[in-house]
Amino acid sequence: MKTYQYIFIMIYLPLLVLYLFSKTSGIFKRRAVNKITLASLYLLCALYAFSLKEKNVPLVILMIALIFSYLGDVMLLWSFKKGGYAFMTGNVIYCIYLFIIHYQYNLWQLSLVVIMISLLFSLFRYFVKAGILNLGGMKAFNVYMLSVISQGSMGTVMAIFTGVSTCKVLGIGLLLFMISDFFISFQNFYHKDSKLIKRCNSITYFTGMMLIAIYIGL
């Protein structure tokens with residue numbers, strides 16, 4: 001890794017620890033400032049890395065996906081629905097990026113991706129049908145979960161089978177992103193007051209985004 005990435009991590013991780021308490025503090029302004037600062041840090045790290053690298057279409061696509069993730073982070077503070085749509089757009093773009101850099105050369109792995117998507121989405125739907133998760137009127141959340149499970153599954157399979165260490169970093173980042181949304185499902189539709197679920201969501205999500213940002217500069 002490069003010097004600026006170490007500096008980024010040294011600032012980012014303490015702020016993430018602080019966010020674990022800001023998110024559960026019940027003070028919106030404190031939570032919003034902490035979250036926007038964290039999101040701005042991963043975006044700035046990625047943009048700086050992007051500025052140093054030779055530009056190509058796949059890299060531009062990944063940056064667009066990351067920008068939508070950032071927008072999702074900010075919008076989610078005021079609107080769960082608008083934030084969800086921003087994240088969903090980013091998830092689709094992550095999938096496009098992964099296909100371009102990895103899956104078009106390893107088409108057989110897509111069968112494993114399909115199996116993983118089917119299993120994880122079936123698990124999510126089981127929670128809904130069993131009444132564990134009460135989506136209420138937010139039926140569109142099913143589509144959102146399908147999008148994040150798709151990018152997470154593609155990232156996971158790539159991380160397992162790729163011989164490129166940098167791609168493993170991206171794949172693990174996307175896996176953590178997906179896991180965080182299972183936590184957010186339980187946070188919003190099962191137990192809104194659980195500090196443990198909220199903190200697990202934050203740890204997995206912001207660690208995942210940190211890895212994605214670092215990947216761009218590797």
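This is a predicted model: local features need pLDDT of at least 70, side-chain atom pairs count only at pLDDT 80 or more; totals for chains, interfaces and linings use all residues.
The core comes first. The largest nonpolar core takes in 70 residues, and Phe8, Tyr42 and Leu66 are the members that touch the most others in it. Eight helices each put in two or more residues, from helix 1 (3-22), helix 2 (28-52), helix 3 (57-76) and helix 4 (80-101) through to helix 5 (109-129), helix 6 (141-161), helix 7 (165-189) and helix 8 (195-217). Helix 8 is the top contributor, giving 11 residues to this core.

Phe8 is a handy place to look at how the core is put together. Leaving aside residues up to four places away in sequence, Phe8 touches Leu41, Tyr42 and Cys45, and also Met210, Ala213 and Ile214. Tyr42, then, is both a contact of Phe8 and another of the residues that touch the most other core members.

Aromatic rings turn up in pairs in this model, with 20 such pairs in total. Take Phe8 and Tyr12: their ring centres are 4.9 Å apart and their planes meet at 45 degrees, so this pair counts as tilted. The two residues sit 4 residues apart in helix 1, which means that about one helical turn separates them. Phe8 and Tyr12 are both buried. Tyr205 and Phe206 pair up as well, but edge-to-face, with 4.9 Å from centre to centre and 75 degrees between the planes. Tyr205 has a relative accessible area of 6%, so Tyr205 is buried; Phe206 comes out at 2% and therefore counts as buried too.

One aromatic cluster is made up of Tyr19, Phe87, Tyr94, Phe177, Tyr205 and Phe206.

Last, a look at a threonine. Thr156 is part of helix 6. Its relative accessibility is 11%, and because buried means under 20%, Thr156 falls in that class. Setting aside residues up to four places away in sequence, Thr156 is in contact with Met116, Gly171 and Leu175.

Methods:
Residues are numbered from 1 along each chain as its sequence is written. Side-chain values use heavy atoms; hydrogens and water are left out. A nonpolar core is a set of buried Ala, Val, Leu, Ile, Met, Phe, Trp, Tyr and Cys residues joined through side-chain atoms within 4.5 Å. Buried means under 20% relative accessible area, exposed over 50%, partly exposed in between (1.4 Å probe, protein chains only). Contact means heavy atoms within 4.5 Å. Rings of Phe, Tyr and Trp (its six-membered ring) pair if their centres lie within 6.5 Å; planes under 30 degrees apart count as stacked, over 60 as edge-to-face and the rest as tilted.
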